[in-house]
Amino acid sequence: MKPTAYPLLVLLLLLCGLAGNAPAQARQYTVSTLTGNLLLTPAHGERGSAWGKANCQGCHVLRLIHANAPLIRPVVQQRGYQTCGGCHGDNGTGQTRRCLVCHNNQDLPLHPLQTGTHRHDFATGKDRPLGDGDCLLCHVKSDMDGRFELTVDLTPFRDADGKPSPYVSQRDFCLRCHNQTHQPRGVRIQLRPQYGLNDPLVTIEDNYRYIDRHGDPAGGGGTYSGLRGSSGYRYGQSVECTDCHVMHGTRNSNLLLDDSRKGVSQLNPLLRSKPYRAIESTPGNYAQVCVLCHRMDDLSVEDAALDTGNGLSGVHDARSDCGECHVHGQGFGGGL
Ligand code: HEC
Ligand code: HEC
Ligand code: HEC
Ligand code: HEC
Ligand code: HEC
Ligand code: HEC
Ligand code: HEC
Ligand code: HEC
């Protein structure tokens, strides 16, 4: 603790005493795992006196806080005061909120899995590591309670009507940026000439609603039988974008998953956590990705019995460039 901090604390306690308030311990916290709200407001401290202050160590003792938050307590103790802003906001100081100080391959290697050089870095032409600002863009107010909740852990972007309607599924989140008509202010999606009028970066909203079999047209009726059986892939709803696409790191192009733990959320947990690799073996060959969920009924067809290289079989033409036929927005001759 910095020596200059003591007088402040003493003064604060004195003020509480003079005002006849209850002692600090008895205060009702607004920040909690129950409310799912960790961000400090201008009401921070007695009558807002702590808002705008950067030296958390001046008033809060590391060893005494977070008694009710066992999941995060050890890593906060270890990484110290540089972490506070990541969860509690900048306290009105404008200081950087840090994430990677904990979410790195040493401290939290599985949450999230960040291996691979391609990431959702908000620019298709580049490959740069994600910084704290990238994390914040998508998770501005996560409660870090170990459960991923759509409405808490994903930044609320406005819908097509400009309203802050809550997300019903994860793909709502993606589609609030990836569309032609209502991208949030500040988001710049550059169209790529080689795609003509069908760049999935923006046409995916319509494709997913009206054309793609993994989207709404599938309807989740449960009649399609080309999947890894009832004990393998539990489906019934349309497939999420993040069942196939990875935000935090992959070696495959198009941000497709390279490890079963990074997607395929409805796969039998035993298969998913094994884990299975899903490497793009030659450009456009996603056999190992598709075969995580797909297993054709008739194994005598084409390559259906051929091991795709990760121990699983069940897709046709397993050595081809799938991207020649299986792309977003094509209703015939393959498609997605
Ligand atoms: C001037 C002293 C002071 C400073 C500096 C200070 N706080 Fe506080 N903070 C308080 C007081 C007083 C409370 C009231 C509750 C209590 O007794 O802990 C409080 C409460 C909190 C709470 C619980 C808020 C609630 O309403 O539930 C959090 C979280 C918190 N502080 C985080 C921080 C962080 C992060 C920093 C550094 C950016 C910081 N504080 C800096 C005095 C301070
Ligand atoms: C990984 C997220 C995370 C980080 C980082 C973090 N906190 Fe917290 N903090 C929480 C959670 C969750 C709670 C709510 C605990 C509860 O429900 O009682 C909390 C509550 C608090 C409280 C009020 C209740 C209590 O437990 O005392 C204070 C004060 C506080 N934090 C201060 C800090 C300070 C100071 C730092 C930096 C050293 C910090 N926090 C870093 C997640 C975090
Ligand atoms: C483009 C948006 C986006 C960016 C950028 C992003 N995330 Fe995520 N994150 C998501 C989505 C969507 C999910 C839920 C699906 C999933 O787990 O992949 C998620 C899930 C998570 C999870 C919970 C799942 C797990 O594996 O434990 C953590 C933790 C997480 N993100 C941390 C981060 C951190 C840290 C960064 C910055 C390095 C970051 N995210 C950057 C969108 C994003
Ligand atoms: C003190 C270390 C620490 C810091 C700093 C931190 N986190 Fe976390 N975060 C955790 C821990 C621990 C978990 C819980 C992981 C688990 O066991 O599932 C978590 C969970 C998450 C989750 C998963 C959803 C949930 O509710 O559990 C997301 C998303 C996330 N953090 C994003 C961020 C972002 C964005 C930042 C920066 C603004 C950040 N974190 C800063 C430690 C930290
Ligand atoms: C805040 C807006 C925003 C959100 C939310 C968002 N994206 Fe993006 N996404 C972008 C931008 C911007 C680009 C880069 C476009 C460019 O290069 O001009 C991009 C690029 C991509 C790319 C191509 C990346 C590459 O490097 O090849 C994919 C795939 C993608 N996003 C999928 C998703 C998925 C899936 C989700 C939801 C989990 C999602 N995005 C959420 C803004 C967003
Ligand atoms: C996360 C699991 C999952 C992954 C990964 C996946 N699919 Fe699918 N796929 C499904 C589900 C579920 C359906 C059925 C949707 C429905 O009709 O309910 C489906 C349906 C299809 C269909 C339509 C089949 C028919 O006869 O109706 C095609 C074609 C297809 N997928 C191709 C692919 C290709 C190509 C890949 C790899 C790039 C792939 N899928 C990856 C889950 C997945
Ligand atoms: C020459 C075009 C072409 C190529 C190349 C191709 N496919 Fe297909 N694929 C199709 C067509 C056409 C269908 C039938 C789609 C339908 O049911 O509407 C199909 C169906 C599928 C299905 C659903 C099968 C079922 O009936 O259950 C999967 C999974 C699939 N392809 C995966 C792949 C994978 C993986 C690759 C690359 C290794 C690939 N395809 C390469 C044209 C192609
Ligand atoms: C079944 C797996 C699957 C699902 C589900 C899926 N995608 Fe894709 N996505 C692919 C494949 C395979 C490609 C490469 C072929 C292509 O460009 O269409 C791709 C390409 C893309 C691209 C172009 C990437 C680039 O770098 O050029 C974007 C953007 C994209 N998808 C966004 C989304 C969004 C947003 C969703 C959810 C609404 C989604 N995808 C759902 C498999 C999937």
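Tutor: Before we start, a rule about classes: Ala, Val, Leu, Ile, Met, Phe, Trp, Tyr, Cys and Pro count as nonpolar, Asp, Glu, Lys and Arg as charged, and the others, Gly among them, as polar. This is a predicted model, in which local features need pLDDT of at least 70 and side-chain atom pairs count only at pLDDT 80 or more, while totals for chains, interfaces and linings use all residues. Residues are numbered from 1 along each chain as its sequence is written, and chains are lettered from A and ligands numbered from 1 in the order in which they are written.

Student: How many charged residues does the shell around ligand 3 have?

Tutor: A residue is near a molecule if its C-beta atom, placed from the backbone, lies within 6 Å of it, and 17 residues are around ligand 3. By class, that shell has 9 nonpolar and 7 polar residues, and the charged residues number 1.

Student: Why does ligand 3 lie between two domains, and which are they?

Tutor: Domain bounds come from an automatic or database domain assignment. Ligand 3 lies between two domains because both give residues to its shell, namely domain 1 (30-154) and domain 3 (226-336).

Student: Which helix gives the most to the shell around ligand 4?

Tutor: Helices are DSSP runs (H or I, at least four residues), numbered from the N terminus. Helix H2 (73-79), helix H3 (84-88) and H4 each supply at least two residues of the shell around ligand 4. With 3 residues, the helix that gives the most is H2.
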